[in-house]
Amino acid sequence: MLLAIASVVLMTLDHRQHHLESIRAGISVLLYPLQYAIDLPVSLAHWSRESLATRDALLNENQRLRTEQLLFQARLQKFEALETENERLRELLNSSRKVGERVLIGELVTIDLDPFRHQVVINKGSRHGVYEGQPLLDANGVMGQVIHVTPMTNTAMLITDPSHAIPAQVNRSGLRVIAIGTGESHRLEVPHIPNNADIREGDLLVTSGLDRRFPPGYPVARVVSVRKDPSQPYSLVTAEPTAHLERSREVLLAWPTWRDEGTR
């Protein structure tokens with residue numbers, strides 16, 4: 001009974017005068033480490049769950065972004081390919097206007113990989129008016145000529161084929177020459193050029209039109225080497241084709257003016 005009365009008195013005094021506040025503060029300081037130790041496992045578990053959830057979310061987000069990046073890169077490559085194709089077609093159309101002949105755009109189907117035969121198959125044939133001997137061009141120069149025709153396709157021999165020769169002339173001086181294939185995709189030979197002939201490195205060779213097959217004035221090759229040996233009557237002249245023989249996908253099949261005039 002006395003203990004209860006004392007407790008009531010102390011509580012009353014504490015409520016009115018706050019005598020026990022400092023004692024409670026000291027006890028709370030002493031008990032804080034114990035309370036922290038008790039709460040620590042719960043806090044760690046909660047932190048671990050949040051960390052794992054955040055990590056999983058980041059991994060999923062990274063995977064999604066990586067997938068989107070691959071898709072965007074694939075689309076970008078496709079757009080770049082379409083842009084390049086459009087640029088090639090634009091060059092062909094500009095080239096056809098320069099040629100001034102009736103032309104047909106074809107596309108390469110297959111390429112002969114035989115190192116001794118430089119031939120290609122194109123997706124235009126006799127049903128499209130293609131004929132044997134027809135000149136084959138790209139936006140940069142003469143590629144070759146048609147040697148075989150089927151209703152839907154044709155086979156063309158490139159100017160670098162060892163059995164191909166094309167009459168040409170030096171655009172600067174008018175000197176008439178013959179450009180012969182060597183079997184190498186970047187080299188033509190220009191034989192029987194006298195040492196005193198007006199030809200030099202950098203000269204552009206164009207079709208002469210004398211064979212009545214290739215339209216005149218169209219680029220064939222550019223001279224890259226002229227070697228003169230005083231002990232020999234002829235210079236050793238090599239040239240590089242201006243056409244992109246290994247890169248062109250779309251080509252021009254041309255009808256020279258005299259061909260159209262002869263069929264009227």
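This is a predicted model: local features need pLDDT of at least 70, side-chain atom pairs count only at pLDDT 80 or more; totals for chains, interfaces and linings use all residues.
Biologist: What does the secondary structure of the protein come to?

Modeller: It comes to three helices and 12 strands. The protein has 264 residues, of which 31% count as buried.

Biologist: Why is Thr238 called buried?

Modeller: Thr238 has a relative accessible area of 16%. Buried means under 20%, so Thr238 is buried. This residue is placed in strand S11. Leaving aside neighbours within four places in sequence, Thr238 is in contact with Arg187, Leu188, Val223, Val224 and Ser225.

Biologist: Why is Leu236 called exposed?

Modeller: The relative accessible area of Leu236 is 52%. Exposed means over 50%, therefore Leu236 counts as exposed. Leu236 also has its place in strand S11, which covers residues 234–241.

Biologist: What makes the phi of His192 worth a remark?

Modeller: Most residues other than glycine have a negative phi. His192 is not a glycine, yet its phi is positive, at about 60°. Arg212 is also a residue other than glycine with a positive phi, near 55°.

Biologist: Where is Arg212, and why is it called exposed?

Modeller: Arg212 lies in the loop between strand S9 (204–207) and strand S10 (219–227). Its relative accessibility is 54%. Exposed means over 50%, so Arg212 counts as exposed.

Biologist: How do you know that S1 and S2 pair?

Modeller: Strands pair if there are at least two bridges between them. Strand S1 (residues 102–111) and strand S2 (residues 119–122) have three bridges, so they pair, in the antiparallel sense. Within this pairing, Thr110 stands opposite Val121 in S2, and Leu108 stands opposite Ile122 in S2.

Biologist: What makes S2 and S5 a pair?

Modeller: S2 and strand S5 (residues 154–158) have four bridges, and the cut-off is at least two, so they pair. The sense is antiparallel. Gln119 has Met157 in S5 as its bridge partner.

Biologist: Which strands make up the closed barrel?

Modeller: The closed barrel has six strands, in the order S1-S2-S5-S4-S3-S12, with antiparallel pairing. On average, neighbouring strands of this sheet are turned by 45° against each other, direction ignored.

Biologist: Which residues have the most contacts inside the largest nonpolar core?

Modeller: They are Leu136, Val142 and Leu205, in a core of 38 residues. Beyond four places in sequence, the contacts of Leu136 include Val120, Ile122, Val142, Met143 and Ala156.

Biologist: What share of contacts joins residues 24 or more positions apart?

Modeller: Among contacts with a separation of 6 or more, that share is 58%.

Note on methods: Residues are numbered from 1 along each chain as its sequence is written. Side-chain values use heavy atoms; hydrogens and water are left out. Buried means under 20% relative accessible area, exposed over 50%, partly exposed in between (1.4 Å probe, protein chains only). A nonpolar core is a set of buried Ala, Val, Leu, Ile, Met, Phe, Trp, Tyr and Cys residues joined through side-chain atoms within 4.5 Å. Contact means heavy atoms within 4.5 Å. Axes are lines fitted to C-alpha atoms, for helices over the stretch in contact, and angles run from 0 to 180 degrees between N-to-C directions.
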